[in-house]
Amino acid sequence: MARKERITKDYPIIVANWKMNGLLRESMQLFKDIRTSILDSLIGCEVVICPPYTLLRDLAEKIPGTGVKMGGQNCHHLSDGAHTGEISAKMLKDMTCDFVILGHSERRTTINEGSELVKKKAETAHAQSLTTVICVGETLYERDNDLAKVVIREQVLHSIPKDATDQNTVIAYEPIWAIGTGTTPTMEQIGEMHKYIEHVVSEELKQFKNPPRVIYGGSISGDNAKSILSVDGVDGLLVGKASLDAKEFWKIIQAAG
Ligand code: PGA
């Protein structure tokens with residue numbers, strides 16, 4: 001497999017995960033503030049916003065011409081049918097999404113979403129030409145007990161489908177103990193895990209002709225974004241809480257540029 005082209009380092013991807021936050025008016029204001037900063041400058045990264053489903057339509061109207069892309073936070077593994085409360089990849093595409101986050105640890109842990117299901121969802125999403133952001137991450141218990149790599153390898157191997165390519169798949173390394181806690185791993189720990197993921201992909205996932213982007217998520221802020229992005233193997237960031245504050249998110253975008 002070819003060595004990851006350094007272009008990913010020069011042009012990182014920043015994915016905002018708004019999670020279950022934001023009512024219509026305040027979220028449109030948040031987007032307006034982000035948009036103003038972006039339009040005033042030349043940004044050196046790809047920016048994707050993943051709002052709650054209720055905001056997709058309104059955001060879809062505001063997003064054209066900004067260079068920002070939109071993504072869903074999940075999708076069903078089937079394309080349509082009797083699945084109350086669910087959303088399909090086709091519906092996300094219909095709302096002009098280009099991305100979808102899958103296998104976030106908040107879904108893996110709270111509703112027991114397993115890797116095999118994540119893989120099926122990814123296949124359905126790829127069939128709709130969505131780029132999947134597939135999340136993997138270990139708990140603190142697993143890290144403390146030297147199980148982090150075992151868990152990450154299992155999640156990577158079982159969550160990524162056969163049709164994955166470097167174009168339609170981004171892997172997000174998100175240690176669960178770093179999400180929403182204000183604690184981040186050391187730069188060495190981040191670098192080691194990103195290298196390990198690259199290694200697993202290149203040795204065991206032969207469907208990738210070129211390496212996919214591997215991004216980091218977990219307590220990213222305007223203050224730590226630059227140093228984390230400078231770690232070898234980090235091709236971008238998945239940002240939760242800090243993406244809900246326009247100034248903070250703008251600092252992260254600047255750090256990436
Ligand atoms: P956080 O969330 O930045 O608030 O830690 C990251 C995520 O869950 O994707």
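This is a predicted model: local features need pLDDT of at least 70, side-chain atom pairs count only at pLDDT 80 or more; totals for chains, interfaces and linings use all residues.
Colleague: Which residues is Leu-55 in contact with, leaving aside its neighbours within four places in sequence?

Modeller: Leu-55 sits in the loop between strand S2 (46-50) and helix H3 (56-62). Once its neighbours within four places in sequence are left aside, the residues in contact with Leu-55 are Trp-18, Asn-21, Gly-22, Leu-23, Leu-24, Ser-27 and Met-28.

Colleague: Is Leu-55 buried or exposed?

Modeller: The word buried is used for a relative accessible area under 20%, and exposed for one over 50%. Leu-55 has a relative accessibility of 1%, and therefore it counts as buried.

Colleague: How many Å apart in space are Leu-55 and Leu-157, C-alpha to C-alpha?

Modeller: Along the sequence, Leu-55 and Leu-157 are 102 residues apart. In space, going from C-alpha to C-alpha, the distance between Leu-55 and Leu-157 is 33 Å.

Colleague: Which residues touch the most other members of the largest nonpolar core?

Modeller: The largest nonpolar core holds 67 residues, and those touching the most other members are Trp-18, Val-156, Ile-197, Tyr-216 and Leu-237. The largest share of this core, 7 residues, is supplied by helix H11 (residues 246-256). Another core, of 12 residues, lies apart from it and includes Ile-13, Val-15, Val-48 and Cys-135. To return to the names you asked for, they are Trp-18, Val-156, Ile-197, Tyr-216 and Leu-237.

Colleague: Which residues does Val-156 touch, not counting those up to four places away in sequence?

Modeller: Val-156 is one of the residues that touch the most other members of the largest nonpolar core. When residues up to four places away in sequence are not counted, Val-156 touches Val-136, Ile-197, Val-200, Val-201 and Leu-205.

Colleague: Why does Asn-17 count as buried?

Modeller: Asn-17 belongs to strand S1 (residues 13-17), and a polar atom of its side chain lies 3.1 Å from the backbone nitrogen of Lys-19. Leaving aside neighbours within four places in sequence, Asn-17 is in contact with several residues, among them Cys-50, Gln-73, His-104 and Ser-243. Asn-17 counts as buried because its relative accessible area is 5%.

Colleague: How much of the accessible area of the ligand does the protein cover?

Modeller: Of the 13 residues around the ligand, Lys-19, His-104, Glu-174, Gly-180 and Ser-219 come nearest, and by class the shell has 4 nonpolar, 6 polar and 3 charged residues. An oxygen atom of the ligand is 2.7 Å from an N or O atom in the side chain of Glu-174, while a backbone N or O atom of Gly-180 lies 2.7 Å from an oxygen atom of the ligand. A polar backbone atom of Lys-241 is 2.9 Å from an oxygen atom of the ligand. Of the 280 Å² of accessible area that the ligand has on its own, the protein covers 97%.

Colleague: What is the phi of Asp-146?

Modeller: Most residues other than glycine have a negative phi. Asp-146 is found in the loop between helix H7 (140-144) and helix H8 (148-159), and it counts as exposed because its relative accessibility is 71%. Although Asp-146 is not a glycine, its phi is positive, at about 60°.

Colleague: And what is the phi of Thr-96?

Modeller: Thr-96 lies in the loop between helix H4 (89-94) and strand S4 (99-102), and it counts as partly exposed because its relative accessibility is 44%. Thr-96 is a residue other than glycine with a positive phi, near 70°.

Note on methods. Residues are numbered from 1 along each chain as its sequence is written. Side-chain values use heavy atoms; hydrogens and water are left out. Helices (H or I, at least four residues) and strands (E, at least two) are DSSP runs, numbered from the N terminus. Buried means under 20% relative accessible area, exposed over 50%, partly exposed in between (1.4 Å probe, protein chains only). A polar contact is a pair of N or O atoms within 3.5 Å; within protein, one must be able to donate a hydrogen and the other to accept it, and residues adjacent in sequence count only if both atoms are side-chain atoms. Contact means heavy atoms within 4.5 Å. A residue is near a molecule or strand if one of its heavy atoms lies within 4 Å of it. Accessible areas come from the Shrake-Rupley method with a 1.4 Å probe; for residues, only the protein chains shown count as cover. Ala, Val, Leu, Ile, Met, Phe, Trp, Tyr, Cys and Pro count as nonpolar, Asp, Glu, Lys and Arg as charged, and the others, Gly among them, as polar. A nonpolar core is a set of buried Ala, Val, Leu, Ile, Met, Phe, Trp, Tyr and Cys residues joined through side-chain atoms within 4.5 Å.
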